[in-house]
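Colleague: Before I plan my reading of this protein, may I ask some questions about how its parts are arranged?

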Amino acid sequence: MRNVEEFSRLSDELEQACRETDGVIGLVLLGSAADATRRDEWSDHDFFVLLEPGRERDVRRDMSWLPRFENSVLLGREGDIGFVVVYSDGHILEFAAATADELTGALADDALIVYDSDGIVARIIAGARDRANASDGLAAPSEERAANDMRLVLVKLLIGVGRARRGEVLNGSNFVRGWAVELLARVVRARIPSQLPSSRDKIDPLRRFERGYPELAARIDTALAQDVESAAHGLFDVAREVLEPGWEGFPSDAADAVAERLGW
């Protein structure tokens with residue numbers, strides 16, 4: 001949604017729809033939907049819709065209560081409580097429609113409580129923020145978390161290359177371009193100061209990574225543009241050259257073993 005004012009209008013319509021829909025007792029905007037300073041033409045509407053227990057099936061069965069639903073071209077399900085709607089102009093709604101119990105374990109960083117009829121949404125969001133902080137390593141020693149994540153990077157690279165050499169290229173690619181990259185980004189964030197600390201996302205370490213680490217991001221992107229094994233080797237080199245020097249927690253012996261096993 002390219003127009004910032006139009007984005008806000010749709011947010012207002014969403015709030016009104018939630019207030020007028022039986023069984024809906026709360027609305028929380030998330031991410032850039034909650035923070036106007038982060039919005040651009042690619043921002044989506046991410047949110048939680050809190051449901052009254054016992055009414056969840058009715059609300060989730062018919063999504064026509066959503067604003068401008070007649071202009072939607074796609075409605076998809078993501079698990080039991082997740083939904084995604086795409087409008088004809090390409091704008092996206094991505095949300096969970098759930099009871100308080102179903103949101104147990106949810107994570108939230110930037111969040112704006114818009115509607116809270118029963119006064120329980122604030123408690124849910126407080127818990128979601130606490131869990132996001134914990135998952136980000138703020139509730140545990142960052143050194144221990146970073147060292148373990150680095151060990152897992154090596155594991156994912158080793159498995160990924162092995163799968164690719166076996167002929168399971170797509171599966172191997174997922175290990176390298178998915179798991180290993182996310183873990184590596186988490187380690188980088190834990191070990192290297194960001195050029196733009198405000199770019200940090202507590203839930204997804206890859207969000208806005210380019211803003212905080214432009215040179216590293218470019219190098220990682222170049223590696224990922226290659227075949228699976230070359231991509232893995234490139235990530236391995238980044239880890240050893242950027243993270244290993246001066247870090248006692250780096251698993252150097254394990255890195256040597258992985259390099260020897262793969263002939264690097």
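Modeller: The answers below concern helix packing and several loop residues, and they rest on a predicted model.

Colleague: How are helix H4 and helix H5 oriented to each other, roughly parallel or roughly antiparallel?

Modeller: Helix H4 spans residues 142–166 and helix H5 spans residues 169–191. They pack at an angle of about 160°, with their axes 8 Å apart. Angles over 145 degrees count as roughly antiparallel. The orientation of H4 to H5 is therefore roughly antiparallel.

Colleague: Is the crossing of H4 and H5 left-handed or right-handed, and how many nonpolar residues does their contact have?

Modeller: The crossing of H4 and H5 is left-handed. By class, the contact of H4 with H5 includes 3 polar and 7 charged residues. The number of nonpolar residues in that contact is 17.

Colleague: How are H4 and helix H9 oriented to each other, roughly parallel or roughly antiparallel?

Modeller: Helix H9 covers residues 252–262, and its axis lies 10 Å from that of H4. The two helices pack at an angle of about 5°. Angles under 35 degrees count as roughly parallel. H4 and H9 are therefore roughly parallel.

Colleague: Which residues of H9 make the contact with H4, and how many charged residues does the contact have?

Modeller: From H4, the contact draws on Leu-154, Leu-158, Val-161 and Arg-165. H9 contributes Ala-254, Ala-255, Val-258, Arg-261 and Leu-262. By class, this contact has 7 nonpolar residues and no polar ones. The number of charged residues is 2.

Colleague: Is Thr-99 buried or exposed, and which residues does Thr-99 touch?

Modeller: Thr-99 sits in the loop between strand E5 (92–98) and strand E6 (111–116). Its relative accessible area is 7%, and buried means under 20%, so Thr-99 is buried. Leaving aside residues up to four places away in sequence, Thr-99 touches Leu-50, Leu-51, Glu-52, Pro-53 and Glu-56.

Colleague: What is the phi of Arg-68?

Modeller: Arg-68 lies in the loop between helix H2 (56–61) and strand E3 (72–78), and at 22% relative accessibility Arg-68 is partly exposed. Most residues other than glycine have a negative phi. Arg-68 is not a glycine, yet its phi is positive, at about 55°.

Colleague: Is Arg-208 buried or exposed, and what is its phi?

Modeller: Arg-208 is found in the loop between H5 and helix H6 (209–212). With a relative accessible area of 12%, Arg-208 is buried. Although Arg-208 is not a glycine, its phi is positive, at about 60°.

Key
Residues numbered from 1 in each chain as written. Predicted model: local features only at pLDDT ≥ 70, side-chain atom pairs only at ≥ 80, totals over all residues. Heavy atoms only, no water. Axes fitted to C-alpha atoms, helices over the stretch in contact; angles between N-to-C directions. Helix = DSSP H or I, 4+ residues; strand = E, 2+ residues; numbered from the N terminus. Parallel < 35°, antiparallel > 145°, perpendicular 65-115°, else oblique. Left-handed = near helix turned anticlockwise from the far one by under 90°. Nonpolar A, V, L, I, M, F, W, Y, C, P; charged D, E, K, R; others polar. Buried < 20%, exposed > 50% of the residue type's maximum accessible area, 1.4 Å probe, protein only. Contact = heavy atoms within 4.5 Å.
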